[in-house]
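Dear colleague,

Please find below the structure that I am handing over to you, followed by an account of what was found in it.

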Amino acid sequence: MATSTAPSGHLCSNSATLDKRAIVAFAARFDPQPYHLDADAAAQSIFGGLCASGWHIAALATRLIGETLLDNGLPFIEMTSVSHLTWSRPSFVNETISVRIALGGSLADSPITGTHSQTLEVDVCNDDGAVVATMTATAAIATDPADGTVS
Amino acid sequence: MTSLYLRDRWFEDLPLGEFHVFGTHTFSELEIVEFAEAFDPRPESTIPEQAASNHRQGLVASPWLITAMWMRKMVDYMEVYAQGVNDGRRNGAGVAINDLQWLEPVRPGHTLTYTYEIIAKPDRVIREKWGLVRSRNEAFNQYRAKVMQFEIDILAERRPENSNNPQQ
């Protein structure tokens, strides 16, 4: 398993590659703007090349976050809020992204019954280690019904 | 003065308080499952029988599906009014979101209505040509319960110094 705890105390995810087919398929369905669909149009755009929808990045990052929390003994149920998300640079075709998670505070209160809230500070990075997005999010984590602990 | 279309406007033309009810969508079981297969491929999120005993007591739309559909409805709405402006040159990319909350589960067959309101135009100039437009966005279900909200900052191109025609 590639998931690991970095020396800094961050949880690091596996990586996922954004190939052209996936970028265009997502954009065709949810974000059909030229810079996510067509390489020539994208070259003329503010991004300078065909790149993934920011919502694609957010959804893929959340998949990696959930997998990483589960691998580290936190039974991730669902993302419930994102207090802040910044897209700092575009993700182009065939870039690989991964997430680096710092666990923040934990609260008993959660919008989903049987869960508590875990705050997460997340950096989404590409293969070069450049940050493509940062996110402060809250995830619902299943609370053990046996003892009701908030880990 | 020539009327201004939604997407063919400069930053300076976008008024605070502008409000749109810009789209509705009914979520099918198939699209909920297909999105989960790509972004939350756990049996309790993709297989109806196993979802029945999950924390939501059934299949629900992934949070990012609800938000991605906001984007689709926004693009469709803007294109209707774009009148030939199809490169998004003046209303451009989103740079940040704040206070995104998913408040209620969205189940197969639920219908959401999406709204958008311009709430601020922060005083910033980005790469010498873009301004920032901040909007509050909300989605309501068929019971009129709010299921999602967020604010987003989107780039809008500033009118060039040498232009006095809003349609240029």
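**Strand pairing in chain A**

Strand 2 (residues 11–18) and strand 4 (residues 95–107) of chain A form an antiparallel pair with six bridges. Please bear in mind throughout that this is a predicted model. Within this pairing, Ser15(A) has Ser98(A) of strand 4 of chain A as its bridge partner. Strand 4 of chain A is also joined to strand 5 (residues 115–125) of chain A, again in the antiparallel sense, through eight bridges. Here Ile101(A) stands opposite Val122(A), a residue of strand 5 of chain A.

Leaving aside residues up to four places away in sequence, Val122(A) is in contact with Ala61(A), Ile65(A), Val99(A), Ile101(A), Thr134(A), Met135(A) and Ala137(A).

Asn94(A), in the loop between strand 3 (76–87) and strand 4 of chain A, has a positive phi of about 70° without being a glycine. Is Asn94(A) buried or exposed? Asn94(A) counts as exposed, because 11 C-beta neighbours lie inside 10 Å and the cut-off for exposure is 12 or fewer.

**Chain A as a whole**

Chain A contains four helices and six strands. Read from the N terminus, their order is β-β-α-α-α-α-β-β-β-β. The C-alpha trace of chain A spans about 60 × 30 × 25 Å along its principal axes. Chain A has 151 residues, of which 46% count as buried. Among contacts in chain A with a separation of 6 or more, 66% are between residues 24 or more positions apart.

**Helices of chain A**

In helix 1 (residues 20–30) of chain A, the residues Ile23(A), Phe26(A), Ala27(A) and Phe30(A) are buried. Viewed down the axis of helix 1 of chain A, these buried residues lie within an arc of 95°, and they therefore line one face of the helix. Arg21(A) and Ala28(A) are exposed residues on the face of helix 1 of chain A turned away from the buried side.

Helix 4 (residues 54–71) of chain A has 18 residues, which at 1.5 Å a residue should span 26 Å. The C-alpha atoms at its ends are 26 Å apart, in agreement with that expectation. Because 15 of its 18 residues are buried, helix 4 of chain A is largely enclosed by the rest of the structure. After helix 4 of chain A comes Gly73(A), with a positive phi near 80°.

**The corresponding details in chain B**

Helix 1 (residues 29–39) of chain B has the buried residues Ile32(B), Phe35(B), Ala36(B) and Phe39(B). Seen down the axis of helix 1 of chain B, the buried residues fall within an arc of 100°, so they line one face of the helix. The face of helix 1 of chain B turned away from the buried side carries Glu29(B), Leu30(B) and Glu37(B), which are exposed.

Met74(B) is part of helix 4 of chain B. Met74(B) is buried, because 22 other C-beta atoms lie within 10 Å and the cut-off for burial is 20 or more. From Met74(B) to Asn162(B) the separation is 88 residues in sequence and 31 Å in space, C-alpha to C-alpha.

Arg127(B), in the loop between strand 3 (111–120) and strand 4 (130–140) of chain B, is a residue other than glycine with a positive phi, near 50°. Arg127(B) is exposed, with 7 other C-beta atoms within 10 Å.

In soluble globular proteins, nonpolar side chains tend to be buried together. The largest nonpolar core in this model has 77 residues, and those with the most contacts inside it are Ile57(A), Ala61(A), Val122(A), Val124(A) and Ile66(B). Helix 4 of chain B gives the most to this core, with ten residues.

With kind regards

Note on methods:
Residues are numbered from 1 along each chain as its sequence is written. Chains are lettered from A and ligands numbered from 1 in the order in which they are written. Helices (H or I, at least four residues) and strands (E, at least two) are DSSP runs, numbered from the N terminus. The arc is that of the directions from the helix axis to the C-beta atoms. Two residues are in contact if their C-beta atoms, placed from the backbone, lie within 7 Å. A nonpolar core is a set of buried Ala, Val, Leu, Ile, Met, Phe, Trp, Tyr and Cys residues joined through C-beta atoms within 7 Å. The expected span of a helix is 1.5 Å times one less than its number of residues. Two strands pair if DSSP finds at least two bridges between them.
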